[in-house]
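Please look through the structure shown here before reading the numbered points.

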Amino acid sequence: MTNKNSCYTYFRIVGDFDPHKVTQLLNLTPDEYWSAGDFRKNGTRYDFSSWKYGTCSEYDVDTSEQMRKTISGLLDKIDLLKKIRNENDVSFVLEVVPTVCVGESMPCLAPSLDIIDFCHLTRTEIDIDIDMSFLTRKGKKRKEST
């Protein structure tokens, strides 16, 4: 039987800042970004800026491996991240989003010490948002967020 669980991780900066300046300062290409005032798909405007980087969807039962891949490009930029935090009203978040199928083994969600050290140094929060999937009688997934 194959594992039906999945997970993705990413690093995100949110708040009042210019994503273009962050991209330039860090010399990294974000996976996604927007500025406060940009239009959403539904026609409303964002009231905050966002800069998303390092999306990793290569599932590993030890999600710290995914977290490590997500932050690997940021490890030598800790001082720059501190500068961004000091000069702007922002929050840093390491997002971990596992989808767990009932009946499958639960992934390890504990970050390793090197990840905790990075988060501590940069004041990055770790947000774990677990989605539970239930298989219907026809074998299709039905999701519920917890």
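1. Is Tyr 53 buried or exposed? Tyr 53 has a relative accessible area of 14%, so it is buried (buried is under 20% relative accessible area, exposed over 50%, partly exposed in between, with a 1.4 Å probe and protein chains only). Trp 51 is also buried, at 0%. The rings of Trp 51 and Tyr 53 are a stacked aromatic pair, with 5.6 Å between centres and 15° between planes. Rings of Phe, Tyr and Trp (its six-membered ring) pair if their centres lie within 6.5 Å; planes under 30 degrees apart are stacked, over 60 edge-to-face, and the rest tilted.

2. This is a predicted model, in which local features need pLDDT of at least 70 and side-chain atom pairs pLDDT 80 or more, while totals for chains, interfaces and linings use all residues. Residues are numbered from 1 along each chain as its sequence is written, and side-chain values use heavy atoms, without hydrogens and water.

3. Seven aromatic pairs are counted. In one of them, the centres of Phe 11 and Phe 92 are 5.6 Å apart and the planes stand at 50°, so the pair is tilted. Phe 11 lies in strand E1 and Phe 92 in strand E4 (residues 89–101), 81 residues apart. (Strands, E, of at least two residues and helices, H or I, of at least four are DSSP runs numbered from the N terminus.) Ring pairs join Phe 11, Phe 92 and Phe 118 into a cluster.

4. In helix H1 (residues 19–26), Pro 19, Val 22 and Leu 26 are buried. On the other side of H1, Lys 21 and Gln 24 are exposed.
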